[in-house]
Every structure is written in C-alpha cells, then in structure tokens.
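Some labels in a structure description rest on cut-offs.

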Amino acid sequence: MTEQSPQAAQVLGGLTPYLGIDGATKAAAFYEKAFGARQVFAYPPDEQGRTMHIHLHVNGSSLMLGDFYPEHGHPVKAVQACTMQLHLTEENIDEWWQRAVDAGCEVTTPLQVMFWGDRWGALRDPFGVEWAMNAPVKAK
C-alpha cells in the first residue's frame with residue numbers, strides 16, 4: 001500500500017510522466033489494479049481529499065500524479081493528446097491487456113498486429129488518460 005515517508009522513493013526510468021488528475025488517490029488505486037502499479041510514496045490527502053503527490057512504479061518506470069490545486073496555480077485541465085505507452089513482451093501483453101480491461105479501461109483500439117509488425121492496442125482509463133500497450137511479435 002502507501003508508504004508515507006519524508007524520504008522520496010527511487011525514480012525509475014529516464015523520463016517520468018506527471019499526471020494532474022481530479023481524484024489522484026482513486027487513480028493511483030485504479031492503476032494498481034489495472035496496470036500492476038506499486039505505490040511507493042504519497043503525501044497524505046488534505047482536508048478536501050486532495051493529494052499533491054503520489055509516486056508509482058509501473059512496469060519498471062515511475063509515474064507520478066497529483067490532484068489539481070487551482071489556488072496554487074495548478075488549475076483543472078483535461079488531458080490533451082498524450083498516451084502512456086507500456087512496452088511489454090509477446091509473452092505478457094495479453095495478461096496486461098486483460099487486467100486493464102477487467103479493471104474498467106475502455107478499449108479504444110483493439111489489441112492487434114499493426115502495420116509496423118508489433119501487437120498494439122489502446123485503452124482509456126476512467127480518469128480520461130489514454131494508455132497503449134505494445135509488444136514485438138516473434139518471427140515464426
């Protein structure tokens with residue numbers, strides 16, 4: 001579950017997406033269920049139930065998120081044209097895909113072999129964030 005400590009958790013990967021989400025605590029719990037995320041740090045919610053920072057580890061990378069704080073210059077904005085891309089293997093993409101669908105992600109592009117030769121599909125989570133999964137297909 002949540003580690004609430006003054007020490008920050010290890011940041012994984014070379015680029016870390018940071019999502020502003022209305023309901024960051026709920027989104028983090030959803031990402032645990034849908035994408036196997038592990039919450040490694042979080043600030044406690046304020047009196048209004050908002051948290052300024054949650055750090056997750058997902059598929060060997062960090063993902064950070066927090067609620068909107070209009071009074072501190074972070075107004076509510078809809079997600080615009082970004083996709084969280086999960087790079088998986090031929091052996092595990094079906095498991096990852098099914099877990100996300102079972103958790104409540106909406107399929108926007110079915111998982112299929114694409115023109116570039118990999119299996120790829122796209123989903124939308126209940127918070128409006130787009131996710132995609134990609135795995136190479138082994139030659140037979």
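This is a predicted model: local features need pLDDT of at least 70, side-chain atom pairs count only at pLDDT 80 or more; totals for chains, interfaces and linings use all residues.

What follows is a set of questions and answers on the labels given to residues, helices and strands.

Q: Why is His55 called buried?
A: Buried means under 20% relative accessible area, exposed over 50%, and partly exposed in between (1.4 Å probe, protein chains only). His55 has a relative accessible area of 2%, so it is buried. The residue lies in strand β3 (residues 54-58); helices (H or I, at least four residues) and strands (E, at least two) are DSSP runs, numbered from the N terminus.

Q: What makes the pair His55 and Ser62 a polar contact?
A: A polar contact is a pair of N or O atoms within 3.5 Å; within protein, one must be able to donate a hydrogen and the other to accept it, and residues adjacent in sequence count only if both atoms are side-chain atoms. The side chains of His55 and Ser62 are joined by such a contact at 2.8 Å.

Q: Which residues are in contact with His55, leaving aside its neighbours within four places in sequence?
A: Contact means heavy atoms within 4.5 Å. Among the residues that meet this for His55 are Val11, Arg38, Phe41, Ser62 and Met64.

Q: Why does Val11 count as partly exposed?
A: Its relative accessibility is 44%, so Val11 falls in the partly exposed class. Val11 sits in the segment before β1 (18-20). Leaving aside neighbours within four places in sequence, Val11 is in contact with Thr16, His55, Ser62 and Met64. The C-alpha atoms of Val11 and His57 are separated by 8.3 Å, although these residues are 46 residues apart along the chain.

Q: What is noted about the phi of Asn59?
A: Asn59 has a positive phi of about 50° although it is not a glycine. Asn59 is found in the loop between β3 and β4 (61-66). With a relative accessible area of 34%, Asn59 is therefore partly exposed.

Q: Which residues of α1 are buried, and on which side are they?
A: Ala24, Ala27, Ala28, Phe30, Tyr31, Ala34 and Phe35 are buried in α1. They cover an arc of only 165° around the axis, so they are on the same side of α1. The arc is that of the directions from the helix axis to the C-beta atoms. Lys26 and Lys33 are exposed on the other side of α1. Just after α1, Gly36 takes a positive phi of about 65°.

Q: What makes the buried residues of α2 line one face?
A: In α2 (residues 93-103), the buried residues are Ile93, Trp96, Trp97, Ala100 and Ala103. Seen down the axis of α2, they fall within an arc of 135°, so they line one face of the helix. Glu95 and Asp102 are exposed on the other side of α2. The buried residues of α2 pack against α1, β5, β6 (106-113), β7 (119-124) and β8.

Q: Why is Ala103 called buried?
A: The relative accessible area of Ala103 is 15%, so Ala103 is buried. Not counting residues up to four places away in sequence, Ala103 touches Phe30, Lys33 and Ala34.

Q: How do you know that β5 and β8 pair?
A: Two strands pair if DSSP finds at least two bridges between them. Strands β5 and β8 (residues 130-135) run parallel and are joined by 5 bridges.

Methods: Residues are numbered from 1 along each chain as its sequence is written. Side-chain values use heavy atoms; hydrogens and water are left out.
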